[in-house]
Structures are given as C-alpha cells and as structure tokens.
Amino acid sequence: MAAVFLVTLYEYSPLFYISVVFLCFLVTAAMVLGWFGFDVPVILRSSDDMETFLQTPEKKMVQVTNPFALEMDFGVASVTGGASVKPCCLEPCVLSCFWGCEMSALQEALHAHQHGQRLSTSQDFHAALHLCYHHCESFHVCVGHEELHTQIPVDWGITDFGWLPRERYPLVAVLTLAEPDARDVYNIVASVTVIHVPDDKYSLPARLLFQYLLTSHGNMYELKPLFMSADSGGISGAPDSEHTTSETPKEAGRLEQVADEDESWTEGMGRDCVVCQNAAVNRVLLPCRHACVCDSCLSHFQHCPICRSFVLESFTLMQAQTAEY
Ligand SMILES: [Zn+2]
Ligand SMILES: [Zn+2]
C-alpha cells in the first residue's frame with residue numbers, strides 16, 4: 001500500500017523528488033562538514049592553515065649582560081704550537097687556560113657549582129680541578145682586546161692527548177672577574193669555554209666544543225648559537241657575546257645566545273624576514289634556533305620556513321622597548 005502510494009506520489013508530485021534530492025544534499029553537506037564526527041575536512045586544510053588557532057607559545061626570556069667574550073684564532077691553534085686567544089671583556093678579568101683538563105674533573109666541578117660549591121674566581125677553579133690538568137696558564141686581562149698566547153711548555157714533551165675516546169679536553173679557557181666588586185654587578189661570574197685543539201692523533205681543526213656561563217646563584221647555562229638566514233652565511237660562529245638572553249631560572253640548563261655582538265650581529269638585525277621580506281627578523285624558532293621571521297609572520301607558521309621542523313616555541317631577539325635598530 002505504502003509503496004503504491006510512494007510511486008503515485010513520485011509520478012505525480014515534482015515537489016516530492018525535489019525534496020528527496022534536497023534531503024540527500026543536506027545529508028552530504030552534513031557529512032562533509034563533520035557533523036557526524038567524520039574527519040572529512042582534514043583533507044581540505046593544510047597543516048599550516050591551522051596556526052591562527054594554534055599560536056606558537058612564546059618562551060619567557062630574561063636579558064642578562066654577559067661580561068665575558070672570548071675570541072680565538074682557530075686556524076693556527078695546535079697542541080705543540082699553542083693557541084692565541086683574545087678575551088674581550090667588559091671588566092678586568094682573569095683568564096685561566098687549562099691544557100689537557102680531565103673531563104670528569106671539569107664536569108664534577110661544574111656539578112659542584114650547581115650544588116653549593118660556587119666557582120667564581122680562578123682560585124676556585126684551581127681548587128676544584130685538583131691539578132687534574134697538564135698545564136695551566138693564567139693571565140690578568142684588562143678591558144680591551146688583547147691577544148694572548150698560551151702553550152704547554154715545549155720541554156714537557158706533550159704533543160697529544162691520546163687516542164679516542166679521550167679523557168681530557170685539549171683546552172679549557174675559564175674567564176672570571178678579577179675584581180670582587182664586579183661580581184656583585186653581574187649575575188654571571190664565570191665563563192667556561194671548552195676548545196678542541198688539533199694534535200698528531202686527532203687532527204680535526206680547532207673548534208669550540210661548548211661554552212657554559214656560571215651565575216653567582218649556582219646556575220649554569222650553555223651558550224648555543226643561533227642560525228640566521230643570511231646572504232653571507234649563517235652567524236652560527238663564535239658564541240661569545242654581550243647580548244645574551246637566558247631562559248627563566250626554572251627552565252635552567254640552556255641559554256640561547258645571540259652571536260657576535262659587533263658587525264655580524266648588527267648586520268643580522270637588519271636582515272629581512274624570509275617570508276614577507278618586509279620587516280626585520282625578530283623571532284627565533286625553537287628547537288631549531290633559526291632566526292628567520294618577523295613578529296607578524298610567526299603566527300602563520302607552525303613549521304620553520306628554513307628547515308621545516310615543527311616549531312615548539314619562539315622568542316624575540318629584541319623586545320619592543322629595547323629595540324635599537
Ligand atoms: Zn615577515
Ligand atoms: Zn629551522
């Protein structure tokens with residue numbers, strides 16, 4: 001009966017099939033829009049279209065002044081010929097160069113610093129390292145750019161630090177503040193730079209292995225280079241700088257560092273955002289540490305435009321109120 005009724009209705013009422021078609025359309029539209037829980041729209045959006053909803057969290061940073069900077073001529077350094085280092089400090093400093101410093105002794109000393117046995121003078125370092133090094137040379141450095149040469153005495157006959165894996169760092173350069181008054185001014189009281197220096201058994205060119213800054217409160221931050229898209233290549237070089245920004249103490253352990261303060265850095269600040277080419281680069285993406293976008297372009301990307309790695313956090317290079325450029 002019902003079938004006959006429907007067939008009659010179908011044959012004689014255009015309104016009926018118009019409404020059936022309309023109903024089909026509504027059901028399809030509802031499915032596409034996800035009303036039924038189907039995740040159909042996922043094919044309609046690219047991963048980067050969601051970023052207006054998912055803002056990259058901004059890392060809380062504090063700006064600190066690092067009184068220490070150390071430059072080195074990596075090209076000519078060797079264990080037998082010594083190394084030339086150029087401290088560029090804001091205050092008179094003591095530079096202690098520990099040659100062949102035992103890795104475990106240094107790591108223990110740094111660990112002790114974080115647990116109460118503070119390292120703020122060169123004497124502290126000497127005491128903490130317990131003579132676990134081949135040779136130490138100390139220099140009093142006045143403010144300025146003075147080149148110093150450090151070398152293991154030739155008659156000691158030390159030409160290498162053994163085969164890999166090694167137990168000694170070739171050269172550990174420690175900078176500490178010379179004047180006690182200055183230690184109250186700066187939160188950072190010491191800089192520890194570990195440098196690879198080539199020798200007969202391991203001839204890779206000299207390079208900086210890592211660098212730590214120690215604070216008077218027992219924190220230790222590792223300086224890390226930033227990578228900047230640049231015509232003249234990245235400024236991932238010498239991590240010695242006056243402009244350092246550190247994370248809040250609760251996230252201690254890492255310290256993002258803005259490379260060389262002079263020419264390369266100021267050049268970097270003027271560089272255009274790689275996306276809009278319209279504003280200066282002012283954002284560093286984490287964890288890849290590419291400094292490549294401006295403040296406004298950041299919100300459009302969840303992936304780094306340079307390396308495509310997922311952006312977990314970001315921080316500004318220059319706060320609006322301190323911007324000089
Ligand atoms: Zn931009
Ligand atoms: Zn990147």
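This dialogue walks through how to read several features of one predicted model.

Biologist: What should I know about the model and its numbering before I start?

Modeller: The model is predicted; local features need pLDDT of at least 70, side-chain atom pairs count only at pLDDT 80 or more, and totals for chains, interfaces and linings use all residues. Residues are numbered from 1 along each chain as its sequence is written, while chains are lettered from A and ligands numbered from 1 in the order in which they are written.

Biologist: How many helices and strands does the chain have?

Modeller: Both are DSSP runs, numbered from the N terminus: helices are H or I with at least four residues, strands are E with at least two. Here the chain has 7 helices and 17 strands.

Biologist: What share of the chain counts as buried?

Modeller: Count other C-beta atoms, placed from the backbone, within 10 Å of the residue's own: 20 or more is buried, 12 or fewer is exposed, and in between is partly exposed. Of the 325 residues, 30% count as buried.

Biologist: And among contacts between residues at least 6 apart in sequence, what percentage join residues at least 24 apart?

Modeller: Two residues are in contact if their C-beta atoms, placed from the backbone, lie within 7 Å. For this chain the figure is 62%.

Biologist: Which residues of the largest nonpolar core touch the most other members?

Modeller: Start with the general idea. In soluble globular proteins, nonpolar side chains tend to be buried together. A nonpolar core is a set of buried Ala, Val, Leu, Ile, Met, Phe, Trp, Tyr and Cys residues joined through C-beta atoms within 7 Å. The largest one here has 43 residues, and F98, L171, V172, A173 and L175 touch the most other members. Take L171: leaving out residues up to four places away in sequence, L171 touches A83, C97, W99, I195 and V197. Another core, of 16 residues, lies apart from the largest one; among its members are L226, C292, V293 and F301.

Biologist: At what angle do helix 3 and helix 4 cross?

Modeller: Helix 3 (residues 103-113) and helix 4 (residues 122-129) cross at roughly 125°, and their axes come within 9 Å. Helix 3 is therefore oblique to helix 4. Angles under 35 degrees count as roughly parallel, over 145 as roughly antiparallel, 65 to 115 as roughly perpendicular and the rest as oblique.

Biologist: Which residues make that contact?

Modeller: Helix 3 supplies A105, L106, A109 and A112, and helix 4 supplies F125, A128 and L129. By class, the contact has 7 nonpolar, no polar and no charged residues. In this scheme Ala, Val, Leu, Ile, Met, Phe, Trp, Tyr, Cys and Pro are nonpolar, Asp, Glu, Lys and Arg are charged, and the others, Gly among them, are polar.

Biologist: Now the backbone. Which residues does the cis peptide bond join?

Modeller: Most residues other than glycine have a negative phi, and most peptide bonds are trans. Here a cis bond joins L286 and P287, with omega about 10°. P287 sits in the loop between strand 15 and strand 16 (290-293). R289 is in the loop between those strands too, and its phi is positive, near 65°. R289 is partly exposed because 17 other C-beta atoms lie within 10 Å.

Biologist: Where is Q277, and is Q277 buried or exposed?

Modeller: Q277 is in the loop between helix 6 and strand 15. Its phi is also positive, near 55°. Q277 counts as exposed because it has 9 C-beta neighbours inside 10 Å.

Biologist: What does C276 touch?

Modeller: C276 lies in the loop between helix 6 (263-270) and strand 15 (283-286). With residues up to four places away in sequence left out, C276 touches C294 and C297. C276 and C294 are 18 residues apart along the chain, with C-alpha atoms separated by 8.2 Å. C276 has 12 C-beta neighbours inside 10 Å, so C276 counts as exposed.

Biologist: How far apart are F315 and E58 in sequence and in space?

Modeller: They are 257 residues apart in sequence and 5.6 Å apart in space, C-alpha to C-alpha. F315 is in strand 17. With 18 C-beta neighbours inside 10 Å, F315 counts as partly exposed.

Conventions: Axes fitted to C-alpha atoms, helices over the stretch in contact; angles between N-to-C directions.
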